[in-house]
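Reader: Please take me through this structure, with attention to aromatic pairing and helix packing.

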Amino acid sequence: MRRKHPLEAVERDLRVSPRRRLELIEELGADAEALQDELQRRGHRPAQARRAALRQIVPTNETLAELETQHAPPLGRWVRTAGWLDRVERLGVGAAAVVAGAAALVVVWWHAPASPTPILAWPQVAVVALLAANWTRAAKRLWIDGDLRPAFRQQLWHRQIGLVVAAIALGALGAAWEGYSTLGALEAEAAATPAVWDAVRRSVSFAALGLGAAIFGLFGWLAITPRLITDEMIERRISMFFTRPPLTLTSSGLASTRLTSTKGRE
């Protein structure tokens with residue numbers, strides 16, 4: 001089992017973009033190696049030099065907070081300055097969900113105001129709202145926090161795909177219900193031609209709503225995909241950085257380093 005790199009905790013706690021995290025940990029690693037070499041030239045043993053170098057290089061919580069503020073995206077710095085950072089995600093997600101859901105509801109009632117099918121439209125409206133909310137969470141992490149970690153990114157992506165599938169299924173269900181109702185009326189010879197065409201229009205509208213919601217969800221995610229690909233490539237470079245052995249400590253040295261880092265953070 002690979003020993004944990006002393007700077008992994010720093011990278012995990014630092015909430016900035018992957019590019020900034022990579023630059024910072026590479027800088028810290030280079031500084032620690034240079035300081036270790038200097039201490040060894042002064043007569044310190046390698047393990048002692050490594051521990052002493054890490055004690056001076058590993059930043060405290062206060063330093064990490066300053067780095068996060070300094071390296072936040074421009075929009076994120078503005079939000080921090082305005083004091084909205086704690087509530088911007090809730091407000092943004094709520095606003096996006098309300099606007100998207102209201103738009104979907106207007107479309108449904110505009111095309112099928114007197115049909116029993118709008119009962120099936122409520123789940124469709126909810127799906128559209130959830131698609132907008134899910135995308136807004138990803139966008140907030142990317143352009144305000146600057147930090148969308150792989151695990152959370154995968155969670156949001158799987159949720160987006162699930163909602164897209166649900167939108168298509170609900171659209172197909174609404175269209176099928178209208179088609180079934182129309183066929184039943186035709187068999188009973190109780191439907192006039194205008195009523196038949198109205199049912200066809202409602203059926204097509206529900207199918208179009210489901211397809212439109214799916215396209216909205218997919219193309220919304222496609223818009224942020226270039227940024228996600230770039231971040232993923234940098235995350236791999238970060239992982240490769242931690243597989244290198246430059247600051248590998250002995251077990252006693254690693255324990256001492258963790259203790260010292262913990263005290264520094266407290």
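Reader: Is W221 buried or exposed?

Author: This is a predicted model, in which local features need pLDDT of at least 70, side-chain atom pairs count only at pLDDT 80 or more, and totals for chains, interfaces and linings use all residues. Residues are numbered from 1 along each chain as its sequence is written, and side-chain values use heavy atoms, with hydrogens and water left out. Buried means under 20% relative accessible area, exposed over 50%, and partly exposed in between, with a 1.4 Å probe and protein chains only. W221 has 5% relative accessibility, so W221 counts as buried.

Reader: Which class does W157 fall into at 31% relative accessibility?

Author: The value for W157 is 31% relative accessibility. On that basis W157 counts as partly exposed.

Reader: How are the rings of W157 and W221 arranged?

Author: Rings of Phe, Tyr and Trp (its six-membered ring) pair if their centres lie within 6.5 Å; planes under 30 degrees apart count as stacked, over 60 as edge-to-face and the rest as tilted. By this rule there are 2 aromatic pairs. In the pair of W157 and W221, the centres are 5.7 Å apart and the planes stand at 40°, so the arrangement is tilted.

Reader: How many residues apart in sequence are the parts that this pair ties together?

Author: Helices are DSSP runs (H or I, at least four residues) and strands likewise (E, at least two), numbered from the N terminus. W157 lies in helix α8 (residues 150–187), whereas W221 lies in helix α9 (residues 193–243). The pair therefore ties together parts whose separation in sequence is 64 residues.

Reader: What kind of aromatic pair do F241 and F242 form?

Author: Both F241 and F242 are buried. Their rings lie 5.4 Å centre to centre, with 75° between the planes. The pair of F241 and F242 is edge-to-face.

Reader: How do α2 and α3 lie relative to each other?

Author: Axes are lines fitted to C-alpha atoms, for helices over the stretch in contact, and angles run from 0 to 180 degrees between N-to-C directions. Helix α2 (residues 18–41) packs with helix α3 (residues 46–57) at an angle of about 135°, their axes being 8 Å apart. Angles under 35 degrees count as roughly parallel, over 145 as roughly antiparallel, 65 to 115 as roughly perpendicular and the rest as oblique. That angle makes α2, relative to α3, oblique.

Reader: How many helices and strands does the protein chain have?

Author: Along the sequence, the protein chain follows the pattern α-α-α-α-α-α-α-α-α-α. The count is 10 helices and 0 strands.
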